[in-house]
Amino acid sequence: MNIKRLLLKFLPRYVVGRLVIYSRLMRIEKPIGTLLLLWPTFWALWIASKGIPDFTILLAFAAGTFLMRSAGCVVNDFADRHIDGGVARTKMRPFVRGLVSAEEAILLALILCLTAALCLLPLNRLTWLMSLPALFLAVSYPFTKRFFPLPQFYLGLAFSFGIPMAFAAVTDTVPPLAWLLFTANVLWTLAYDTIYAMADKEDDLKLGIRTSAITFGSNDVSAIMLCHFWFSALMAVLGWQIGATWPFWIVLPLTVYWQFQQYRQIQTRDRWVCFRTFLENNRIGLAWFLGIAGHYLWLSLYSPAV
């Protein structure tokens, strides 16, 4: 039995219909955005806590990540409600089909942001303060496509703020190591979201939307691979700084191999190939999480004095 049928047993059909539409606004059926936001946050939590994150903090960040990504999707659809119809990949979104009003979207985004704020209650004051720029970046990003030549870089800042927040929550400080990881993740986000933008490049050019794929022009593939290179280089520096063991280091060549595969795929500049390549970045995030978690697990098992 699917969730919709289950809800119909307890709620009126109209209410269930609205909930389905709101879930589409939140992209619940497309978890890739939540995962790409969650993996770097988990990297930071595991590093900051030396591999033993507090369950309350872990739960707060997992829930907050899901809620803020959902709020960002709602704001994005609100901002793009007059242009999504001109993009092949987004022409079936709720706003384009006239299924939701602007007032509903604004109210839903506010509810999601307020609920996310509740996740901060068990955390310290520094984390609360760090959440303010994170919130600003999340809700302002969708509007940068109108004037900023590299909105994917701006998204990288938004998608990386969970990193300093995680360090703040665990250690009550944001050390240089956090900003190293922050910079690496900004570069990774710029790389994969430029690939994502390549899928919509033809439509965005017609609509006058600004993206990094358009700004980089014929150098888009080179720019993506440069970002991938520096992301991997900074992750290697991170490994050196934390004294990483073999579970961390085996991820590095695996990541480089996957990045080379992406290079071969996106050279086609085919819309759907680029979109599938974007989705493949989830395994890079997961692999680095397993490498970081594996490093601390190895230390706990074989180097108890560390």
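**Chat on helix packing and a salt bridge**

Me: How many salt bridges does the count come to?
Reply: The count comes to 10 salt bridges. Keep in mind that this is a predicted model.

Me: Which residue does Arg93 form a salt bridge with?
Reply: Arg93 pairs with Asp77, and their closest N and O atoms are 3.4 Å apart.

Me: Where in the chain do those two sit?
Reply: Asp77 is in helix α4, while Arg93 is in the loop between α4 and α5 (102-118). They are 16 residues apart, and the pair links distant parts of the chain.

Me: OK, α4 then. At what angle do α3 and α4 pack?
Reply: Helix α3 (residues 32-48) packs with α4 at an angle of about 155°, and the axes are 9 Å apart. An angle over 145° counts as roughly antiparallel, so α3 is roughly antiparallel to α4.

Me: Right-handed or left-handed crossing for α3 and α4?
Reply: Right-handed.

Me: Which residues make the contact?
Reply: From α3 there are Gly33, Thr34, Leu37, Leu38, Thr41, Phe42, Leu45 and Trp46. From α4 there are Ile57, Leu58, Phe61, Ala62, Thr65, Phe66 and Arg69.

Me: And how do the residues of that contact of α3 with α4 divide?
Reply: Into 10 nonpolar, 4 polar and 1 charged.

Me: What about α8 and α9, what is their angle?
Reply: Helix α8 (residues 162-171) and helix α9 (residues 176-199) pack at about 160°, with axes 8 Å apart. That makes α8 roughly antiparallel to α9. The crossing of α8 past α9 is right-handed.

Me: Which residues of α8 and α9 meet?
Reply: Ile163, Pro164 and Phe167 in α8 meet Leu177, Ala178, Trp179, Leu181, Phe182 and Asn185 in α9. By class, that contact of α8 with α9 has 8 nonpolar, 1 polar and no charged residues.

Me: New topic. Which residues does the UniProt annotation "transmembrane region" cover?
Reply: The unreviewed UniProt entry gives residues 32-49, 55-75, 95-120, 153-171, 177-199, 246-263 and 284-303.

Me: Helix or strand over residues 32-49?
Reply: In the model, residues 32-49 are 94% helix and 0% strand, and the end C-alpha atoms are 26 Å apart.

Me: And what about residues 284-303?
Reply: Over residues 284-303 the chain is 95% helix and 0% strand, and the end C-alpha atoms are 27 Å apart.

Conventions. Residues numbered from 1 in each chain as written. Predicted model: local features only at pLDDT ≥ 70, side-chain atom pairs only at ≥ 80, totals over all residues. Heavy atoms only, no water. UniProt positions renumbered as here; feature names shortened; annotations may be inferred. Helix = DSSP H or I, 4+ residues; strand = E, 2+ residues; numbered from the N terminus. Axes fitted to C-alpha atoms, helices over the stretch in contact; angles between N-to-C directions. Parallel < 35°, antiparallel > 145°, perpendicular 65-115°, else oblique. Left-handed = near helix turned anticlockwise from the far one by under 90°. Contact = heavy atoms within 4.5 Å. Nonpolar A, V, L, I, M, F, W, Y, C, P; charged D, E, K, R; others polar. Salt bridge = Lys/Arg side-chain N within 4 Å of Asp/Glu carboxyl O.
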